[in-house]
Amino acid sequence: MPDAVVIGAGPNGLVAANVLADAGWSVEVLEAQPEPGGAVRHDRAVDPDFVNDVFSSFYPLAAASPVLTGLRLEDHGLRWSHAPSVLAHPLTDGTCAVLDRNIETTAASLDSFAKDDGAAWRRLHDVWQHLSPGLLDFLFTPFPPVRATTQLALQLRASGGLRMARSLVLPVRRLGEEEFQGQGGRLLLAGNALHADLAPESAGSGGFGWLMAMLGQTYGFPVPVGGAGSLTQALTRRLTSLGGRVRCGQRVDEVVVRSGRAVGVRTAAGDAVRARRAVLADVAVPVLYGQLLTPEFLPPQLLEDLRRFQWDFATFKVDWALDGPVPWRAEQAERAGTVHLADGMDELTRFAAQIAMRQIPDRPFLLFGQMTTADATRSPQGTESAWAYTHVPHEIAADAAGEGISGTWNSEDQERMADRVEQQVERFAPGFRALIRARRILAPPTLEALDGNLVGGAINGGTTALHQQLVFRPVPGTGRPETPIPGLFLASAGAHPGGGVHGAPGANAARAALRRHRPPGLAAAQRLLARRDRTGTRH
């Protein structure tokens, strides 16, 4: 019998298992899919000569995360690669905003839109450099992050106090208008905000767009050499080197509760797997509480709150094998790993408004990945492994383009939407479609079938909007990995701090489990040592 059973071998589940194994626990990870990784996998299914990431690709949060960097995955085979430029946002008139790890290159790009916008970017970066230690600590430590909050409050005060706090909660459209005269800087912020489900007019979208942009400025948007699954392989190798076990093809259908405590799980095959100390669930919140547990074990208020749980936007993705580099009208986009495709701020607002009205957008905002540009191992020289994804509503009332996409996501829906995605690319890269050797379509139901945590094609474990963050994530009054059932811990992106590949929900859940089983004398000694470290007292 292992000390802990982890449900799900996505990045959070594997991080949780590694943290527990580092503490000497025996760990068994059960994964429903035939291979580990969750939304961090790659394959050669589009074309045998091309590596395509099935879900996620670029990992700025992984590069910034003290959780993942602390695991020293480079010792287990992980290597990172970067595109020459981090991100580009071209416009149909041939102009282009560029985010580059060299801040002078970024600033020069923004100055081409409006004089002194480069200086404005440097000012935002100066604020980031001052706030980032406390902010990253705040994001990646268990809630409530008391020490991190104190540190961040002091840093905010030194950076303008309430005025800076105001900037972070602004809608990204307004933040861009206050900071920049031209479109370039505004679009870099707004496009990054729409990596999540945050419209340009959403409160807090300014802070999120600024965070993602500054992560790109500081860490880049790195990719694992060889494919996204290389990150999963490193996590798995590290775990097995510590004695942990990963079993795939083992779908968990039930968390077993005895005498009010989680004591193990039952698989779809009917097998019982007991856990001596804890069960950790890298599972979507509504699935954990609505399917793996029976209502009798849960407080009525939690069940009521779950009715109000909000998913992030659904996702539609297309993968390509291209016979040549993308023929961008704006040549600056050729060097970028990530390219944002929307012809200005108003087009971003229009896109988000159509989703809010439950319409399939007629001109979808695309996040476009040039993977061979970022990592030359992904396809033969002179070709490009590429993808694009966009967002769509979960419930669809109409097709804004009037082309009959119904939202059933049958083959006709999928082909029409993939054609629409390609037509959007053609606006910025005439001749793109002539380069397509092969394509793969991943509609919302397909994404969920490949990873059960991506319910309806939602990729962030729930909305990033302010009303479902911090103490409101996943439901009001929580914010921590502990659940109402002793011995059961939430380790998925549904927990604070949310989506993205950074491992914090998994690490937080593992540390919560370890705290519950720490000998009382050891806990007191650790608190005393921590107090001495803060005060400088020595005996």
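User: What makes strand 1 and strand 2 (residues 27-31) a pair?

Analyst: They are joined by 4 bridges and run parallel, and because two strands pair if DSSP finds at least two bridges between them, strand 1 and strand 2 meet the rule. Within this pairing, Val-6 stands opposite Val-29. This is a predicted model, in which local features need pLDDT of at least 70, side-chain atom pairs count only at pLDDT 80 or more, and totals for chains, interfaces and linings use all residues. Residues are numbered from 1 along each chain as its sequence is written, and side-chain values use heavy atoms, without hydrogens and water.

User: Which other strand pairs with strand 1, and in which sense?

Analyst: Strand 13 (residues 278-281) pairs with strand 1 in the parallel sense over 4 bridges, and here Val-5 stands opposite Val-279.

User: What makes Phe-309 count as buried?

Analyst: Its relative accessible area is 11%, and buried means under 20% (exposed is over 50%, partly exposed in between, with a 1.4 Å probe and protein chains only), so Phe-309 is buried.

User: Why is the pair of Trp-128 and Trp-210 called edge-to-face?

Analyst: The ring centres are 5.7 Å apart with 75° between the planes; rings of Phe, Tyr and Trp (its six-membered ring) pair if their centres lie within 6.5 Å, and planes under 30 degrees apart count as stacked, over 60 as edge-to-face and the rest as tilted, so this pair is edge-to-face. Trp-128 lies in helix 5 (residues 117-140) and Trp-210 in helix 10 (residues 205-219), so the pair ties together parts that are 82 residues apart in sequence.

Technical notes: Helices (H or I, at least four residues) and strands (E, at least two) are DSSP runs, numbered from the N terminus.
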